[in-house]
Amino acid sequence: MTNKFLLFIISAFSLINLQSLAQSTSKYDANEAFAPMFYPAYGDEIRSASGMPGAKYWQNRADYKINASLDDVKHSITASVIISYKNNSTEKLPFVWLQLDQNIYSMKSRGVAVTAITGGRWANHDFDGGYDIKSVSIVEGGKEEKANYSISDTRMQIFLQKAIKANGDSIQFKIEYSFNIPEFGTDRMGRQQTKNGWIYEIAQWYPRMCVFDNVLGWNTLPYLGQGEFYLEYGNFDFSINTSSKQIVVASGELQNAEEVLTAEQIKRIKEAKESDKTVAIRSETEVTDPLSRPAKDRITWKFKINNARDVAWAASTAFVWDAAKINLPSGKKALAMSVYPVESAKEEGWKRSTEFTKGCIEHYSKQWYEFPYPVATNVAGRVGGMEYPGIVFCSSASQKADLWGVTSHEFGHTWFPMIVGTNERKYAWMDEGFNTFINTVADKNFNNGEFFDASVKRRMSAIYIYRPENIMTIPDVLTTSDWGIDAYMKPGMGLELLRDDILGAEKFDGAFRYYINNWAYKHPTPWDFFHAIENYSGETLDWFWRGWFLNNWKIDQGVKNVEYLENNPSKGAIITIENLEQLPMPVNIEVKEENGKVSRMQLPVEIWQHGSIWKFHFPSTSKITEATIDPDKHLPDVNDSNNTWRNN
């Protein structure tokens, strides 16, 4: 999910005078930085020390069949869901837990209780909503039996007369429910009025199974707004009944186009599937044309998506609709689509949305892992930026670089956490931070770097200096001012440092793909990620994980002195460098000589195993006029003033 205040934070911190942070006494402790014990446990048969799932890795599964109806007069949804839940764990389950995320919109919810009186991003603007649960049943042999259940805020516990047996036993639940659609849905869903009707962006719209894993058992953290989701994988078969005036887009692929679209729209979609250029499915001029919709009272839209962890959808009478094909590395094709109101149909705005969607997905598919869904749909509406499998919600006001950025970011979430299914309720950085990193790589790639800003990384160098919270802080605990930094910026920058300054692009990219491939459609922990990168790269990186992710250690390297052998520059020099802060890093140093020669040397991080001062021989041939550590300014060094030694 995108934070629009990130750019403000970057700009504000870029004004900091880093030289005021200079220090003369080193805080560095080699024994702490390179301490031998890092991992909390050794690998086992479920999660191996090689960064791969173990031979006996398991995870449970949830398949969903949902039938829903949208009332666009009362702004409400009435639905039923049948959940087929399979217990692949090694233990029996006498009860199960489900997520009821709509309950955050009840004025009695914990989410409301923990919202400051001044409001904020996750506030629901005095809307009193939540689920109205009509019935909860256990389905067995085609018969429904009333279930014994208890609701606690955004969780439901169902107690079972017969436990679900281990190693593959399954059960079905049927839940009938309804809820009113909030206008402001914690910036993840909601509705927006346009001149041609409401845009509904519908998510967290059905009871969902909590994850049961070998790490915590049942994962039942309540939904408070800032912490996102942790979900099981399965197949989804769902239908949305609406007024025929509505156009509906959703996760997955439409199954009954002939029942809900006009013959002309079906023809245009077929053309789009073969076109690299954007094709109009319903143009601006057709939005108010009754002939652009079937001549019926109500219609039912049917969708399917397999091996996904969630589904979402959007509906509106106001949608302009266009599409183009996505070319995937395997030779398969997918379809990029965009829907938006006429107010957003600008040449530098949403008219480029499908181009942006196609561009970022083709890049991510080639660079990391192939896009797995048949359709990718970008929806313009109230939500500033939110991701779901095969569909994302982005602000209808976005255009130019902002629209590229939010589109690339939200579809980047396809890889984290839609494909690699991390626990967003606890580790936002494995979701937002990893995505922020791949977004930067995509920025360089798209349209010859049309929207790439190389200066952003350096301007961020001071941001983490003053943060009291570290990356591993639970999302709901992070203060609002730290959210964008600790969930997005700092972990994203950490992966950039690994790629650019520690491992190199080739080794890092291979390790990152190794991690993605091994944990696709599974549930890795931070330790699984650390293990994967180390095992593939062959490098022990506990010093970096410890300093950058688990602590707020800073970087301050400097050039202290230059001396000549036998006081003769032509015989070589001894250069002294120092590490003044707690985090060590490999060293890149540039040396300029009086005769015009410019040389560079790289020193491994292991030099700092011996303390905060390191001396090394440099084969000078004349007087050294300047020696600069980190000459390309890659590192977020908190004190630039000591980076260069000059012969005065």
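Which helix gives the largest share of the lining of the largest cavity? In this predicted model, that share, 4 residues, comes from helix H9. The structure is a prediction, in which local features need pLDDT of at least 70, side-chain atom pairs count only at pLDDT 80 or more, and totals for chains, interfaces and linings use all residues. Residues are numbered from 1 along each chain as its sequence is written, and side-chain values use heavy atoms, with hydrogens and water left out.

A cavity is a set of points where a 1.4 Å probe fits but cannot get out, whereas a pocket is an open set with protein on both sides within 12 Å along at least five of seven lines; lining residues have an atom within 4 Å of a point. Grid points are joined across faces, edges and corners, and a volume is the space filled by probe spheres set on the points. By this rule, the count is 1 cavity of 30 Å³ or more. The largest cavity holds about 30 Å³ of space, and its lining consists of Phe-437, Thr-440, Val-441, Lys-444, Glu-496, Arg-499 and Asp-500. Two or more of these residues are given by each of helix H9 (432–445) and helix H11. Here helices (H or I, at least four residues) and strands (E, at least two) are DSSP runs, numbered from the N terminus. By class, the cavity lining has 2 nonpolar, 1 polar and 4 charged residues. In this division Ala, Val, Leu, Ile, Met, Phe, Trp, Tyr, Cys and Pro count as nonpolar, Asp, Glu, Lys and Arg as charged, and the others, Gly among them, as polar.

Helix H11 (residues 480–502) comprises 23 residues and reaches 31 Å from its first C-alpha to its last, close to the 33 Å expected at 1.5 Å a residue. The expected span is 1.5 Å times one less than the number of residues. A kink of about 35 degrees is centred on Asp-486 in H11, the bend at a residue being the angle between axes fitted to the seven residues ending there and the seven starting there. Of the 23 residues of H11, 19 are buried, so the helix is largely enclosed by the rest of the structure. Buried means under 20% relative accessible area, exposed over 50%, and partly exposed in between (1.4 Å probe, protein chains only). Just after H11, Gly-504 takes a positive phi of about 90 degrees.

The second largest pocket has a volume of about 520 Å³. Its lining contains 29 residues, of which Glu-253, Lys-273, Leu-335, Pro-374 and Val-375 lie nearest the centre. Among the elements that each supply at least two lining residues are helix H5 (263–272) and strand S19 (298–308). The largest share, 4 residues, comes from strand S22. The lining of this pocket divides into 21 nonpolar, 2 polar and 6 charged residues.

Strand pairing was examined next. Strands of a sheet pair through backbone hydrogen bonds, either parallel or antiparallel. Two strands are taken to pair if DSSP finds at least two bridges between them. An open sheet of 4 strands has the order S6-S7-S3-S12, with antiparallel pairing. Its edge strands, S6 (148–152) and S12 (208–209), each pair on one side only. Strand S3 (residues 93–99) and strand S7 (residues 155–164) run antiparallel and are joined by 6 bridges; the bridge partner of Trp-97 in S7 is Gln-157. Strands S4 (residues 132–140) and S5 (residues 143–146), also antiparallel, are joined by 4 bridges, and Ser-137 has Lys-146 as its bridge partner in S5. The hairpin of S4 and S5 has 2 residues between the strands, and Gly-141 there takes a positive phi near 60 degrees.

Several backbone features were also recorded. Most residues other than glycine have a negative phi, and most peptide bonds are trans. Glu-566, although not a glycine, has a positive phi of about 55 degrees. This residue, Glu-566, lies in the loop between strands S26 (557–564) and S27 (573–579) and counts as exposed at 64% relative accessibility. Lys-633 likewise has a positive phi, near 55 degrees; Lys-633 is found in the loop between strands S31 (624–629) and S32 (644–646) and is partly exposed, with a relative accessible area of 47%. The peptide bond from Phe-416 to Pro-417 is cis, with omega near 20 degrees, and Pro-417 lies in helix H8 (residues 414–419).
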